[in-house]
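Below is a short report on one protein model.

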Amino acid sequence: MLFLKCLSFLFDPGLIMASSHAVLMRLVASAYSVAQKAGMIVRRVLAEGDLGIVEKTCATDLQTKADRLAQMSICSSLARKFPKLTIIGEEDLPSEDVDQELIEDGQWEEILKQPCPSQYSAIKEEDLVVWVDPLDGTKEYTEGLLDNVTVLIGIAYEGKAIAGVINQPYYNYQNNEKQKLREQRAEAKAGPDAVLGRTIWGVLGLGAFGFQLKEAPAGKHIVTTTRSHSNKLVTDCIAAMNPDAVLPVGGAGNKIIHLIEGKASAYVFASPGCKKWDTCAPEVILHAVGGKLTDIHGNAFCYNKEVKHMNSAGVLATLRNYDYYASRVPESVKNALVP
């Protein structure tokens, strides 16, 4: 985990320009470009073939060269433009000079054309907290399940997630799980006439963009959940939902995309393990289109800089029909998970 308080960051004053745009919209516009840069880094590391894998806490909790470089890129790029931000990243990295080629100075102009919701127009830079997962779905990345991978940049104000960016580096990648990882590395490409990768963004009160909203089939209970961190609590909770189908996939960002694109109707993870950098950006995208994300008890997550990083009471999220799923969480599961 990296905690970066950027009050005294050495920066080029020329990078911070007087602007008529609200701080929040400038930050989101920059985060969009920064996330795209991080996605390019993720693809480049895989293409070069040396993932530099290290275990953090266990065999399913991995870190790669792509995690490290992408986080350095994201945090350093945002800190240079917004030196008063608090930035909290997943990876615990030593302080060191960042190669200039990792820095992204751009911003997505289309975002700056959008109005800032009035409740956020006067927010100051120092009041914002940015939560960064540079590579969500690292285990799947190492296994060649590339469509599970996302880059997550969430923005919080007064403890509430209010803006977020999700980059999918391998969107349009035609994955075949039966191929060997070496073959997948060599063939990580898009289909005919398709652009590899996409970036989704959203701001509460404005909306979410970069995807086509679609609801899961009416009357069907399709649950997406973890593919690598399951246990009895998780399976008991899912069984109580009486699901028509269960989709184990990697990455919190990927699971929320399953909800907003109609592939699943609920994301159920009745276990500790997910952290604030996993849920901040995805929560915004889901809430911006009328969905809901909470812990298993129905409590909203808090994203201020002092909060504990672990979502110790799990995650429950839906695009629609939240009450159905919340009402079916067993008391035994709730009693086992302390917020």
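Apart from neighbours within four places in sequence, S312 is in contact with P272, L337, V338 and P339. Contact here means heavy atoms within 4.5 Å. S312 belongs to the loop between β13 (292-294) and β14 (315-318). Its relative accessibility is 15%, so S312 counts as buried. The cut-offs are under 20% relative accessible area for buried, over 50% for exposed, and partly exposed in between, with a 1.4 Å probe and protein chains only. The side chain of S312 also reaches the backbone oxygen of V338 at 3.0 Å. That is a polar contact: a pair of N or O atoms within 3.5 Å, where one must be able to donate a hydrogen and the other to accept it, and residues adjacent in sequence count only if both atoms are side-chain atoms.

The model is predicted: local features need pLDDT of at least 70, side-chain atom pairs count only at pLDDT 80 or more, and totals for chains, interfaces and linings use all residues. Residues are numbered from 1 along each chain as its sequence is written, and side-chain values use heavy atoms, with hydrogens and water left out.

N254 is found in helix α7 (residues 252-260). Helices (H or I, at least four residues) and strands (E, at least two) are DSSP runs, numbered from the N terminus. N254 is buried, at a relative accessible area of 4%. Which residues does N254 contact, leaving aside its neighbours within four places in sequence? They are D136, D147, N148, T150 and V249. N254 and V151 are 103 residues apart in sequence, yet their C-alpha atoms are 9.9 Å apart in space.

**Helix α6**

Helix α6 spans residues 232-240, and V234, C237 and I238 are buried in it. They cover an arc of only 100° around the axis, which puts them on the same side of α6. The arc is taken from the directions from the helix axis to the C-beta atoms. An α-helix has 3.6 residues a turn, so residues three or four places apart point the same way. The cover over the buried residues of α6 includes β10 (222-225), β11 (245-248), β12 (266-269) and α10 (331-336). On the face turned away from the buried side, α6 carries the exposed residues K232 and A239. At the start of α6, a side-chain oxygen of N231 comes to within 3.0 Å of the backbone nitrogen of L233. Just after α6, N242 takes a positive phi of about 50°.

**Positive phi in loops**

Most residues other than glycine have a negative phi, and most peptide bonds are trans.

**Aromatic rings**

A pair of aromatic rings is described by the distance of the centres and the angle of the planes. Rings of Phe, Tyr and Trp (its six-membered ring) pair if their centres lie within 6.5 Å; planes under 30 degrees apart count as stacked, over 60 as edge-to-face and the rest as tilted. How many aromatic pairs does this rule give? The count comes to seven. In one of them, the rings of Y32 and W108 have centres 4.6 Å apart and planes at 20°, so the pair is stacked. This pair links distant parts of the chain: Y32 is in helix α1 (residues 23-48), and W108 is in the loop between β4 (86-89) and α3 (109-112), 76 residues apart. Y32 is buried, with a relative accessible area of 8%. W108 counts as partly exposed, at 33% relative accessibility.

The rings of F301 and Y303 have centres 6.4 Å apart and planes at 65°, so this pair is edge-to-face. F301 and Y303 are both buried. Together with W131 and W277, F301 and Y303 form one aromatic cluster.

A charge also meets a ring. The charged end of R198 sits over the ring of Y171, 3.9 Å from its centre. The rule asks for NZ of Lys or CZ of Arg within 6 Å of the ring centre and within 35 degrees of the ring normal.

**Totals**

The protein has ten helices and 14 strands. Of its 339 residues, 55% are buried. Among contacts between residues at least 6 apart in sequence, 75% join residues at least 24 apart. The accessible surface comes to about 14500 Å², and 50% of it belongs to carbon and sulfur atoms. Accessible areas come from the Shrake-Rupley method with a 1.4 Å probe; for residues, only the protein chains shown count as cover.
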